[in-house]
Amino acid sequence: MATTSDKEIIVAVDGSDASNEAVRWAANAALKRKQPLKLVSAYTMPQFMYADGMVPPQELYDELESEAGDKIENARRIVTDFSTDVEVSYLVKEGAPIDTLLDLSETAEMIVMGSRGLGGLSGLVMGSVSSAVVSHAECPVVVVRRDNDVTVDNKYGPVVVGVDGSEVSRQALKIAFREAEARGALLRAVHSWTDTQIHTTYVGLVDAQNQMDRMIVERQNMMEDELKELIKEYPSVQVEEIVERERPVQSLTEAAKDAQLLIVGSHGRGGFKGMLLGSTSRTLLQYAPCPMMVVRPKDKKRK
């Protein structure tokens, strides 16, 4: 059974549909993990209010704080409607959303944020805020799109994780085993790669096939090496392995169609390199068919 932890699951609250989906997802995660949930909303005074030496009136600060409090109260009702067994607290803070979330990430279990999808992350976690949080948080970050509805098909679906043999991939894999155990879910481990070698002669094609066969064996062995100790540590978790020559984004998207969570390392080697900065990461964050968790290296601290 998953062990109880006092570390909080942080949810960024902005009142949008995407944020509400994130609150529901986080409440479910908190219940399954037996961990406390914290609802967080940050507000800042518009810069134009400081033009020409102006000092914003206290009434405006009070209004902004009240609006943030209303959003928190709505989020609290969403959690209560989901389950009264979730321990929930809240934080309403004046300040930059990026700084607020990154500060909280230093001691949090995870940060959960809502996303509109094609339009980018909404409200509190919009644009540069989302990029900064996903790229620099000290804990895993889960992005939940407003179309990531829980359905009969995915409610008890697998946890999917990308594996490439890198250190950050190993961190993601450990988290994936914990998530699968807490959720009583199948763990689907995926490794894929692409190459551009083209041979035009028969001899070349035979040689290429031999190379491909050897590569598949090597990568299957890599997968087994990455999994074996964790399989011993989490004997209750059923594991499915997928090793294939395919674009990583295609493999992960396909594997996650019936999943309740997709987990990837922020960057690694091989097919998953540049997961945050390249087209693979952008595509997965926009189009992944389920909520997506990004795990960063533990040894990289934000400045």
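Student: Which way do the residues of strand β10 point?
Tutor: In a regular strand, side chains alternate between the two faces of the sheet. In β10 (residues 292-295), M292 and V294 point one way, M293 and V295 point the other way, and all are buried, where buried means under 20% relative accessible area with a 1.4 Å probe and protein chains only. Strands here are DSSP runs of E with at least two residues, helices are runs of H or I with at least four, and both are numbered from the N terminus. This is a predicted model, in which local features need pLDDT of at least 70 and side-chain atom pairs count only at pLDDT 80 or more, while totals for chains, interfaces and linings use all residues. Residues are numbered from 1 along each chain as its sequence is written, and side-chain values use heavy atoms, leaving out hydrogens and water.

Student: In which sense does β10 pair with β5, and in which with β9?
Tutor: Strands of a sheet pair through backbone hydrogen bonds, either parallel or antiparallel. Here β5 and β10 pair in the antiparallel sense over three bridges, with V143 opposite M292, whereas β9 and β10 run parallel and are joined by four bridges, L262 having M292 as its bridge partner in β10. Two strands count as paired if DSSP finds at least two bridges between them.

Student: What is the strand order of the open sheet?
Tutor: The open sheet has 10 strands in the order β3-β2-β1-β4-β5-β10-β9-β6-β7-β8, with mixed pairing. Its edge strands, each pairing on one side only, are β3 (88-94) and β8 (239-245).

Student: At what angle do helices α1 and α5 pack?
Tutor: Two packed helices are described by the angle between their axes and the distance between the axes. For α1 (residues 17-33) and α5 (residues 167-183), the angle is about 80 degrees and the axes are 9 Å apart; the axes are lines fitted to C-alpha atoms, for helices over the stretch in contact, and angles run from 0 to 180 degrees between N-to-C directions. That makes α1 roughly perpendicular to α5, a term that covers 65 to 115 degrees.

Student: Which residues of α1 and α5 meet?
Tutor: W25, N28, A29, K32 and R33 in α1 meet E179, A182 and R183 in α5, with contact taken as heavy atoms within 4.5 Å.

Note on methods:
Angles under 35 degrees count as roughly parallel, over 145 as roughly antiparallel, 65 to 115 as roughly perpendicular and the rest as oblique. Buried means under 20% relative accessible area, exposed over 50%, partly exposed in between (1.4 Å probe, protein chains only).
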